[in-house]
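The structure is shown first.

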Amino acid sequence: MSALDNLRDTFRRDQVFDFMRQGTRAVAPGQLDSGSGKNILYLEDITVSFDGFKALNDLTLYIQTGELRCIIGPNGAGKSTMMDVITGKTRPDSGTCFFGQTLDLTAMSETDIAMAGIGRKFQKPTVFPEHTAFENLELAMNGPRGPWHSLFTRLSGEQTNWIEDTLATVGLLEDRHKVAGLLSHGQKQWLEIGMVLMQKPQLLLVDEPIAGMTRQEVERTGELLKSLAGKHSVVVVEHDMEFIRSIASTVTVLHQGSVLAEGTMEQVQNDPKVIEVYLGE
Amino acid sequence: MRDSTFKSAFSDRTAKTFMGVLLGATLVVTLLNQFFPPDSPLHVSAYTVTLLGKYLCYALLALSLDLVWGYCGILSLGHGAFFALGGYAMGMYLMRQIGDRGVYGNPELPDFMVFLNWDELPWYWQGFDQFWFAALMILLVPGLLAFVFGWLAFRSRVTGVYLSIITQALTYALMLAFFRNELGFGGNNGLTDFKELLGFSLQSDSTRVGLLIATALSLAIAFVLCRWITGSKLGRVVMAVRDAESRARFVGYRTEHYKLWIFTVSAILAGIAGALYVPQVGIINPGEFSPLNSIELVVWVAVGGRATLYGAVIGAILVNYGKTIFTGVMPEAWLFALGGLFVAVTVFLPQGLVGLVSQRWAALRKQFPPKKTNNDTLTPAEGEAP
Ligand SMILES: Nc1ncnc2c1ncn2[C@@H]1O[C@H](COP(=O)(O)OP(=O)(O)OP(=O)(O)O)[C@@H](O)[C@H]1O
Ligand SMILES: [Mg+2]
């Protein structure tokens, strides 16, 4: 990144002075109502542009309750931006984004969205670097979130067990007292997946989970994601075709900010449009 | 891993050591002042007692800054404002205690009001003749200001340099306001000529010693309180906000509430430090709001070492001791020395003196490992070698 970019990043108006953003008043977090609909997430006609460049262009996408959906697409297709929109990090210029029937995600804060039951693993692993693996999971553990509660709360045996179970699930039990900043890239990926699990979300957004993992770790991650589907809805973004083939039921291909194709891996792979822009390269 | 409670924070080793050293030193100074005649070489003068009391007030102020800066990453360049407000609240009580012993002998009005031809006490001076009321205001005024200011700033997600700048603006604006006579706080002379506190004469040695003890106790309690806070889950969330604020939001924490909480608690501690300071130095004036004071405070914490609590205390005492010596020798150069110190610490000692010592200590331990852990120090590579 050039110095100028750095400067821009530091002085981004929308981050420094949030009040300059308009129309983003948060509504009280409601109860998720997936109601009669079979879908848990509704993205309709979402457009996001950065300085005129449309990262998302009239994107419409539905995620079913309990499904494991894979999203693929070339670099810059807008996959991470889509997750930014869902988690409240980026506000769309137009379009609607509903979680269940009633929760309008475009009007909720990141915190409210997280509390409503959406957990996210970022593309670049983001953990709390100065805290141990154990503490990272403790901080992510679902439960009351207020300062006064945090001051007086003490970890119960049950909670400790839960955290240790999750540490075992993501293969970090040995390293639980290691500071997260010192973990390997793959371990950070897993730690972040563990954090998402501790939030007990209904919808998991997992952005490029296997980068930096060994073959064995990749297999275990695939197993883990498959085991989560059903009870949770899971959206996975990945570039690794083999990995996707091993876990996917439905695949959505994004290209230039909108959906290019959707279907089983087989169907998608044989779609001439997809071959042209992506798989054929 | 154990969550701390107020009780457990009292009995942990760091807190015990801290309190032992602090209260032990205070006790020794007290005894040397009270039980040795002034001509004895062991006698500690009232001047020294008060100087120590002053350092401890600064230490408490530094502790409060470490809480927000070291642990939460909020670089407040206006913390002196909360210190000064606590000081003014105490000063107002002390003014009311003067009664008719002022120059003008007015039993109701402080001298400066008589001088300004005011004929009655402004409403906001009411109640300050009562110590309990003044004590309440010492906590409430800085706390409330921090709460309102923090609420506006953190809710709007003002962070980093911008936040530092507006905290600096806050203390500067208050300084200008307090300089004005019409505001009713004594203008640029401030509040002074205090006579007594709770009926004890401020001139007497025993009161000075009493104030030193009170300050040491306050510092000890504040230290334990901060240990409790930073050792609890709240402390871990606050540090998470410091290291990765947006991550903390994405796991569901309202980071602005945590910042507001810690900022307000910190301001209250700063206010207490100011209130203890004023009777010992005998004056409070708008100079205490000077932006420079708040910047000096940042240097103390940086020199001692951030996010350890005791580092801030050590930094405050050392730098101020240095200042006392230095300003005696060549006063003009002090600011340059301070600036140089800050640059040197930032470049060479990012963890401060405390960090340097613990690094050295760790290196020593490595070189001369204690016997009982000898077996564990085998590196995995050595252990696996056939
Ligand atoms: N904050 C931003 N400001 C400007 N442009 C952005 C911003 N975020 C994303 N973009 C641009 O939007 C486009 C889509 O980015 P996005 O990160 O969503 O792609 P992606 O599909 O996740 O790609 P990758 O596979 O590389 O992760 C890219 O061209 C990117 O440069
Ligand atoms: Mg991406």
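In this predicted model, A:Arg91 is buried but forms no salt bridge. The nearest side chain of opposite charge belongs to A:Glu110, at a distance of 4.7 Å; a salt bridge requires a side-chain nitrogen of Lys or Arg within 4 Å of a carboxyl oxygen of Asp or Glu. A:Arg91 is located in the loop that lies between α3 (79-86) and β4 (94-99) of chain A. Its side chain reaches two backbone oxygens, those of A:Thr106 and A:Met108, as listed below.

| Side chain | Backbone oxygen reached | Distance |
|---|---|---|
| A:Arg91 | A:Thr106 | 3.1 Å |
| A:Arg91 | A:Met108 | 2.9 Å |

The second topic is the interface of chain A and chain B. Chain A contributes 42 residues to the contact and chain B contributes 31 residues. About 3500 Å² of area is buried between the two chains, and carbon and sulfur atoms account for 61% of this area.

Polar interactions also cross the interface. Between chain A and chain B, 15 residue pairs are in polar contact, with both residues at pLDDT 80 or more. On the side of chain A that touches chain B, the elements that give two or more residues are α2 (13-16), α4 (110-116), β6 (118-121), α5 (133-140), α6 (147-152) and α8 (185-198). The residues on that side comprise 20 nonpolar, 10 polar and 12 charged.

Five salt bridges are found across the interface of chain A and chain B. A salt bridge joins the side chains of A:Glu138 and B:Arg236, with an N to O distance of 2.8 Å.

Technical notes: Residues numbered from 1 in each chain as written. Chains lettered and ligands numbered in written order. Predicted model: local features only at pLDDT ≥ 70, side-chain atom pairs only at ≥ 80, totals over all residues. Heavy atoms only, no water. Helix = DSSP H or I, 4+ residues; strand = E, 2+ residues; numbered from the N terminus. Buried < 20%, exposed > 50% of the residue type's maximum accessible area, 1.4 Å probe, protein only. Lys, Arg positive; Asp, Glu negative; His and termini not counted. Polar contact = N/O pair within 3.5 Å; in protein donor to acceptor, adjacent residues only side chain to side chain. Contact = heavy atoms within 4.5 Å. Buried area = accessible area lost by both parts, 1.4 Å probe. Nonpolar A, V, L, I, M, F, W, Y, C, P; charged D, E, K, R; others polar.
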